[in-house]
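Subject: Handing over the structure

Dear colleague,

I am passing the structure on to you with this email, and I would be glad if you would look through it alongside the notes below.

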Amino acid sequence: MADIGLYHQPAIIIDRHGTTTEQNAAATACFGDLTEALANLVERDSNHADEGSNIFGELRFDGVLYQVVCIHETPTARTLLFCELSHPHADTASLPINFIAGGKRQVSMLAMAERLAKIGFWHFDTIKQQLYWSDEVFVVHGESRAEFEPSLAAWVDFFEEDERDKVRALFSGSQESKNSFQFTLPIRRKSGMRRHVRIRSSVEVDENGEVLSLFGIAQDLSEEIESKAQLERLSLVASRTNNGVLICDKDGHIEWVNQGFERMTGYTQAEILGQLTGDFLHGPLTDQATIENIRNAINNHQPVNCDVVNYHRNGEHYWVNAVVTPIVQHGKLEGYIGIQTNIDDRKKADAYLAQAQHMEAIGQLVGGVAHDFNNILGILRGNLELLELKLDE
């Protein structure tokens with residue numbers, strides 16, 4: 001979990017039952033004895049509950065509105081950060097300085113929290129029509145606080161021209177319907193660099209049902225989207241190639257195979273998931289010394305290239321060239337990738353060539369013997385002729 005002691009904003013860690021298991025000094029100072037039950041006082045944001053949003057909900061306490069953001073989550077616990085907003089009807093002159101930022105009614109968010117969560121926070125005052133960006137949002141858009149003044153119109157201009165009307169409609173529609181929104185669209189920085197940004201919002205409404213502001217997050221997903229695109233391209237290449245491709249875990253259990261592997265072996269992916277390759281690919285003609293060399297290379301985090309006999313589902317054996325590459329993360333073996341190429345025709349051709357070369361060698365040997373024998377016969381014939389002449393005399 002995150003080290004909440006680093007935050008100057010109130011932060012707590014709760015378990016899945018809503019019980020506070022840890023709190024920082026700011027939370028204790030701000031909420032006192034109520035800290036342990038704090039999670040139960042938060043009004044959950046139902047608009048984002050099913051969207052995987054980082055916005056957890058809101059809390060009104062002692063005249064102050066807090067936006068509650070989940071900055072870290074595990075299967076057993078959540079880390080919640082309480083972002084302070086000024087009270088809708090408070091005199092801002094009497095508020096502490098950390099309640100006043102930019103347009104005097106803005107989100108006060110610690111930059112460290114943004115860097116750890118890799119999320120920027122924004123706040124749009126619908127009454128004053130003022131937009132506030134946290135430092136991370138400036139980073140996402142390639143701007144600096146000294147040179148750029150955020151506004152809704154200027155923000156919309158970052159998006160592609162054919163998407164701007166859609167973005168404007170989402171912001172204006174959210175103020176009318178009081179519903180939150182989210183979208184992921186590309187933006188274009190001043191430098192020309194294209195980035196993919198996810199925007200999510202939450203609507204702040206007063207006791208009379210009037211929309212006071214929109215509060216949300218901005219997250220740069222460029223690396224994630226590019227990685228996903230690369231994986232999709234690699235997956236497409238791997239799935240369409242005629243070579244057999246398989247991915248196994250560190251113990252050799254199959255996690256994924258491509259269609260080429262299915263065609264080569266006769267087995268479907270569903271049939272062999274979780275199995276060891278030796279359970280169905282190896283047979284009497286498979287060289288166990290080669291298999292042992294492959295295992296040793298994988299355990300030593302070394303790639304290996306070898307030829308080995310595999311068996312088809314129908315019982316026929318065939319030769320493959322296997323290239324096995326270990327998957328190593330932070331020095332630990334996570335699994336390996338195997339690429340198999342059917343070389344049975346090549347092996348048969350090599351066998352025919354070897355047999356032909358063998359027969360050629362035998363023919364040369366026989367020819368040499370015959371030549372030598374013929375020489376001997378020539379000598380014998382000559383001697384016989386001489387003897388015949390002597391007999392005539």
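What follows is an account of what was found, beginning with the chain as a whole and then turning to its parts.

Please bear in mind that this is a predicted model, in which local features need pLDDT of at least 70 and side-chain atom pairs count only at pLDDT 80 or more, while totals for chains, interfaces and linings use all residues. Residues are numbered from 1 along each chain as its sequence is written, and side-chain values use heavy atoms, with hydrogens and water left out.

The chain as a whole

The protein chain contains 11 helices and 16 strands, where helices (H or I, at least four residues) and strands (E, at least two) are DSSP runs numbered from the N terminus. Of its 393 residues, 41% count as buried; buried here stands for under 20% relative accessible area, exposed for over 50%, and partly exposed for what lies in between, with a 1.4 Å probe and protein chains only. The accessible surface of the chain comes to about 22,100 Å², and 52% of this belongs to carbon and sulfur atoms, the areas being taken from the Shrake-Rupley method with a 1.4 Å probe and, for residues, with only the protein chains shown counting as cover. Among contacts (heavy atoms within 4.5 Å) between residues at least 6 apart in sequence, 44% join residues at least 24 apart. Phenylalanine 121 lies in strand β7 (residues 120–125) and is buried, with a relative accessible area of 1%.

Salt bridges

The structure holds 11 salt bridges, a salt bridge being a side-chain nitrogen of Lys or Arg within 4 Å of a carboxyl oxygen of Asp or Glu. One of them joins arginine 168 to aspartate 165, with the closest N and O atoms 2.9 Å apart; both residues lie in helix α6 (residues 164–177), where they are 3 residues apart, about one turn of the helix. Arginine 168 counts as partly exposed at 40% relative accessibility, whereas aspartate 165 is exposed, its relative accessible area being 59%.

Glutamate 292 is partly exposed with a relative accessible area of 37%, and arginine 295 counts as partly exposed at 43%.

The side chains of arginine 195 and aspartate 220 also meet in a salt bridge (3.0 Å, N to O). This pair links distant parts of the chain, since arginine 195 is in strand β10 (residues 194–205) and aspartate 220 in strand β11 (residues 211–220), 25 residues apart. Arginine 195 counts as buried at 13% relative accessibility, while aspartate 220 is partly exposed at 21%. Salt bridges that share partners join Arg189, Arg195, Asp220 and Glu223 into one network.

The 12 residues of α10 should span 16 Å at 1.5 Å a residue, and the end C-alpha atoms of the helix are 17 Å apart, which agrees; the expected span is 1.5 Å times one less than the number of residues. The buried residues of α10 are Thr290, Ile291, Ile294, Ala297 and Ile298. They cover an arc of only 125 degrees around the axis, so they are on the same side of α10, the arc being that of the directions from the helix axis to the C-beta atoms. These buried residues pack against β14, β15 and β16. Just after α10, histidine 301 takes a positive phi of about 60 degrees.

Strands β14 (residues 304–311) and β15 (residues 317–329) run antiparallel and are joined by 8 bridges, two strands being paired if DSSP finds at least two bridges between them. Asparagine 310 stands opposite tyrosine 318 in β15. The two strands form a hairpin with 5 residues between them, and glycine 315 in the turn has a positive phi of about 100 degrees.

Strand β15 also runs antiparallel to strand β16 (residues 332–342), to which 10 bridges join it, and valine 320 stands opposite asparagine 342 in β16. This hairpin of β15 and β16 has 2 residues between its strands, and histidine 330 in the turn has a positive phi of about 55 degrees.
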